[in-house]
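These are reading notes for a colleague who has the coordinates open. They go point by point, from the whole chain to single elements.

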Amino acid sequence: MRFILLIYFIFFSTSFAEAYTFTAKGKFVYEDKEWDWQGWTGQVSLKPIRKASVKIRRLSNSNIIGSGYTRDDGTFEIEIKNTNLFLGDLRAELESNTDLYKEKADSNFPHIRVKNYSGDVYILLSEEIKNHYSDQDADFGTTVSTIMVIADEEGNPFNIMDMAVHVWDYIGGVIKAPPQGPYKLIFPSYTGSYYAPKSLDAYIDLTDGYDDAVILHEIGHMVHGSYSENDSPGGIHYWGDSDQDPRLSFSEGYATFFAGTILLQMQKPGIYVDADADKAQGGYQLRADLENANPWSKSVSGEADELAVTFSLFDLLDTEQSPDTCPGYDDDPFTSETMINADTTPALAWWEVFTGPIKEAGQLTIHDAWKGWFKKVAPMGDPHYESIKKIFQRRKIRFFETDLEASEEILIIDPPVASTLFWGPIETLYKKTGNDPYSPGGGDVDKYKVYLETGQTLVVETGYPQGPSDAGTYVDPKMELINTGGYTVAADDNSGIGRNSRIEHTALNSGYFTVKVYSASPGMRPTGSYRLGYRIKGDGNPENIEYPEDQDISEGCLLLSPPVNVK
């Protein structure tokens, strides 16, 4: 009986032990280096660490007694219940992930994790609260993640996390797209900033920890890989190269465009600046104004140029209201009033293209973005064909007919007797179909008639639109020469400069010969621009005609000074 009463007494006293409830609160921020068109401004500001996991640890036994997340202003409030009046020393610990925010606040937000190269998340520790009692709240104050210096390079993992949070604030809040992921960003990388498509991870170089545009570019690859389709073969690429693999051009061009899109959502100008991490002020390695293409406006062109892709896509989304270097002005036909239909903006329409036709395309290039726009957007409402055409034409991305395609006639050429080639105007391999009048497909054949006398030697070549120094197009032209009897007497693919073709043929009889030009790679390079050069072997130099370039729309505002301060 005594034994039973003793058990009852212990149970009764434990069940009715006093419970205490208190609130643990505080704030987490990080030091951010401000930048503008010239590089670092020399200013350091405090930014909130948003949507990050927070845990409250009792140091005497290392137990976690409460958990939560930071709000958008970096603050947190966590209600903690326990039966111990005296808890001793406490500490708040913030982790570089959104796991608890997703668990406790928004299940539609993705898992974002910034980790070091060993695979561990970063942990920011608050000041300890000594000898805490549970009948009073615990205020940890403000904890600051200071600038991290690694091998003389400055960065901050919480800046990287903040860029990722901005991305999914946009995707979930503006686009209303469902979450993907989880997404892992590794910092620092010692082999550059890059995207690993198989794992969907992004690696941020130790020199890029504060380069917002570079970070957003790599996250753009993550978004591309998880929401759409990325066919890039990877490899070395650099700005100003207009002869890239067009699949690579689209992948890199899209990622830079996406970085600019998020910067606009952050109320920052769409300028891409890769600054020197070891500089306190000034210093940039690479920069581009995505609104007016400065300083690349005259040196990028064509479907195989990643910056031409970037600038064209960016013009679909920015408006005169964008917080860019030209406030109140837009240098393309898409404005704040442009609508696809009553409730669809170009940004939403583009996302439909991005997650629809682009995702379904094989060997994805900018051509698929053009075709996808009209395939998806035309049924939704006004596809704004002339506006889209002007935007793409501006960067010499020619997905529309020239006079030769419009007339569908066989052009008669008259080669001069000369030692150098006479070059004709820019032509484009293009095929318009009745079912899809806006979107050019493959299969186009351009034909030229030329009269040769017996014994004359014809030299005919295809050439890049802007000359041999750079392609400015992605077309892979192939040529055939057909004699008066209808037989192919010569054919070539790559004997010219770069991907161009060249034929040299001596006529055995007089009459009209036909030169056929078509794409040698109809799957990946179905369209594109070229010039045809021709001559009859002999002495003399032809007087080449200066043909007008594509009609351009004004570059408009090129404001560089005073520099834009990005806050």
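What percentage of the residues in the protein chain is buried?

1. Overall burial and composition. Of the 567 residues in the protein chain, 54% are buried. The model is a predicted one, and its secondary structure consists of eleven helices and 29 strands. Among contacts in the protein chain with a separation of 6 or more, 72% link residues 24 or more positions apart.

2. Confidence. The average pLDDT of the protein chain is 89, and 90% of the residues reach at least 70. Residues 1–16 have pLDDT below 50, and this stretch makes zero contacts in the model beyond near neighbours in sequence. Residues 551–555 also have pLDDT below 50, yet that stretch has 15 contacts beyond near neighbours in sequence. Where pLDDT is low, the predicted coordinates should not be read in detail.

3. The four-strand sheet. An open sheet with mixed pairing is formed by four strands, in the order β7-β13-β15-β14. β7 and β14 (194–196) are the edges; each has a single partner strand, so one side of each lacks a neighbour in the sheet. From one strand to the next, the twist averages 20°.

4. Strand β13 in that sheet. Is β13 (residues 183–189) mostly covered or mostly uncovered? Mostly covered: six of its seven residues are buried. β13 pairs with β7 (residues 112–115) in the parallel sense, over four bridges, and Arg113 has Lys184 of β13 as its bridge partner. With β15 (residues 201–205), β13 again runs parallel, joined by three bridges. Here Leu185 stands opposite Ala202 of β15, and Ile186 stands opposite Tyr203 of β15. In a regular strand the side chains alternate between the two faces of the sheet.

5. The helix across the sheet. Which helix lies across β7, β13 and β15? This is α3 (residues 157–175), which runs at about 160° to β7.

6. Helix α4 and its crossing with α5. The 16 residues of α4 (residues 212–227) should span 22 Å at 1.5 Å a residue, and the end C-alpha atoms are 22 Å apart, so the two values agree. The axis of α4 comes within 7 Å of the axis of α5 (residues 246–265), and the two cross at roughly 120°. The crossing of α4 and α5 is right-handed. On the α4 side, the residues in contact are Ala213, Leu216, His217, Gly220, His221, Val223 and His224. Their counterparts in α5 include Phe250, Tyr254, Phe258, Ile262 and Leu263.

7. Helix α10. This helix (residues 385–394) is mostly covered, with seven of its ten residues buried. Which residues of α10 are buried? They are Tyr385, Ser387, Ile388, Ile391, Phe392, Gln393 and Arg394. The buried residues of α10 pack against α6 (306–317) and α9 (366–377). Just after α10, Lys396 has a positive phi of about 60°.

8. The five-strand sheet. A further open sheet, with mixed pairing, has five strands in the order β18-β22-β27-β24-β25. Its edge strands, β18 (411–413) and β25 (488–492), each pair on one side only. Neighbouring strands of this sheet are turned against each other by 25° on average, direction ignored. Within the sheet, β24 (residues 477–482) and β27 (residues 511–519) run antiparallel and are joined by six bridges. Pro477 has Ser519 of β27 as its bridge partner.

9. Pro468 sits in the loop between β23 (457–463) and β24. Why is Pro468 classed as exposed? Its relative accessible area is 61%, and the class begins over 50%. Pro468 and Gly496 are 28 residues apart in sequence, while their C-alpha atoms are 9.9 Å apart in space.

Definitions and conventions:
Residues numbered from 1 in each chain as written. Predicted model: local features only at pLDDT ≥ 70, side-chain atom pairs only at ≥ 80, totals over all residues. Heavy atoms only, no water. pLDDT = per-residue confidence, 0-100. Contact = heavy atoms within 4.5 Å. Pairing = 2+ DSSP bridges. Axes fitted to C-alpha atoms, helices over the stretch in contact; angles between N-to-C directions. Buried < 20%, exposed > 50% of the residue type's maximum accessible area, 1.4 Å probe, protein only. Expected span 1.5 Å × (residues − 1). Left-handed = near helix turned anticlockwise from the far one by under 90°.
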